[in-house]
Amino acid sequence: MKKNCLNWFLSAAFLFLLGSCANKVKPGQEPEVKEKFTFAYFTDVHLNKDNRGNGDVALRMALSDAKNKRVDFILFGGDNADADALGDAEHTADSLHERFKSIVDEAGIPLYFTIGNHDRYYRRNGETDTLGFGLFEKYFGNTFDSFDHKGVHFITLNGLFPCEKGPYSVSPEEMEWLKSDLQKVGKEVPVVVSIHVPMLSLYYPVVEGNFKGADMICNTKDVFEVLNGYNVQLVLQGHQHIYEQIQERNRWFVTAGAVSAYWWGGAFLETEEGYLLVRVDENNRFSWEYVDYGWSVGNNNN
């Protein structure tokens, strides 16, 4: 009788241990965290009045590629259209922005916009527009703004205000708005910032071998101090036409290449025509990749 009891006990213990081992997750086999949403970051489209490189068709191709990847929305990083050098041709500049807006609206998905230096135009209804923001505002709304999507806060900044140190900065008025916007959001909500001219870039040291801030905003430190302490996951940038990733402590500054690459003339410094695809999982972890959407100079007449 004792022997039978012992055998029963050992069998039960073995089954218990077997069940425990079966339920235990082995290293590298953690449950997969589901994706919460995906968005695309399109910067430096540089649509132009003569449709150089057939950028209209290429932009449609990029939009279709992003839509096929089921992105929730597209965030544009600036330099949508080359309007800044059109002089007194206000009608042409207006038509260029209108053409860009018409093409992107065809995608039928939510769109958000950041202003770039080439989006500026310095005439408005026949009068001088000193900062050149009026035409952008006509088609795309405020030059700095924010929105929320599935628990993530997105901020679009205007870094094109001239200051004593250089041509690009975030203005004092905008800084006050940014402080107020972040205070409403709180310290826990993940934040993504979009700005056209980079806050942080190593373009010149790597490409030209010298350090200069010509193509960075001149008050990065001031903006950084406002953002510091908040849950900033990504700062998305444009302007340089290269794909660049810089991790500064626990923050990522990603320069997202260019939809137009070498202004519709082929790859630029090894960066092909493309856009950034960003994924956010249910734990609010971010990952991204640069997507070559398949355009090349050879098919610019398709």
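Which residues do ring pairs link into a cluster? In this predicted model, the cluster consists of F42, F76, F100, F113, F136, Y139, F140 and Y275.

**View 1. The aromatic pair of F100 and F140.** The count of aromatic pairs comes to 28. In the pair of F100 and F140, the ring centres lie 5.9 Å apart and the planes stand at 80°, so the arrangement is edge-to-face. This pair links distant parts of the chain, with F100 in helix α3 (residues 90-105) and F140 in helix α4 (residues 134-140), 40 residues apart. F100 is buried, at 0% relative accessibility, and F140 is likewise buried, with a relative accessible area of 12%.

**View 2. The aromatic pair of W252 and W288.** These two rings form an edge-to-face pair, at 5.5 Å centre to centre and with 70° between the planes. Distant parts of the chain are linked here as well, since W252 belongs to strand β11 and W288 to strand β13 (residues 286-292), 36 residues apart. W252 is partly exposed, with a relative accessible area of 27%, whereas W288, at 17% relative accessibility, counts as buried.

**View 3. The surroundings of F268.** F268 is placed in the loop between β11 (251-256) and β12 (274-281), and it is buried, with a relative accessible area of 11%. Leaving aside residues up to four places away in sequence, F268 touches Y203, Q240, H241, I242, A261, Y262 and W263. The C-alpha atoms of F268 and Y243, which are 25 residues apart along the chain, are separated by 9.8 Å.

**View 4. K187 and the ring of Y230.** K187 lies over the face of Y230, at 4.6 Å from the ring centre.

Note on methods:
Residues numbered from 1 in each chain as written. Predicted model: local features only at pLDDT ≥ 70, side-chain atom pairs only at ≥ 80, totals over all residues. Heavy atoms only, no water. Helix = DSSP H or I, 4+ residues; strand = E, 2+ residues; numbered from the N terminus. Buried < 20%, exposed > 50% of the residue type's maximum accessible area, 1.4 Å probe, protein only. Contact = heavy atoms within 4.5 Å. Phe/Tyr/Trp six-rings, centres within 6.5 Å; stacked < 30°, edge-to-face > 60°. Lys NZ or Arg CZ within 6 Å of the ring centre and 35° of its normal.
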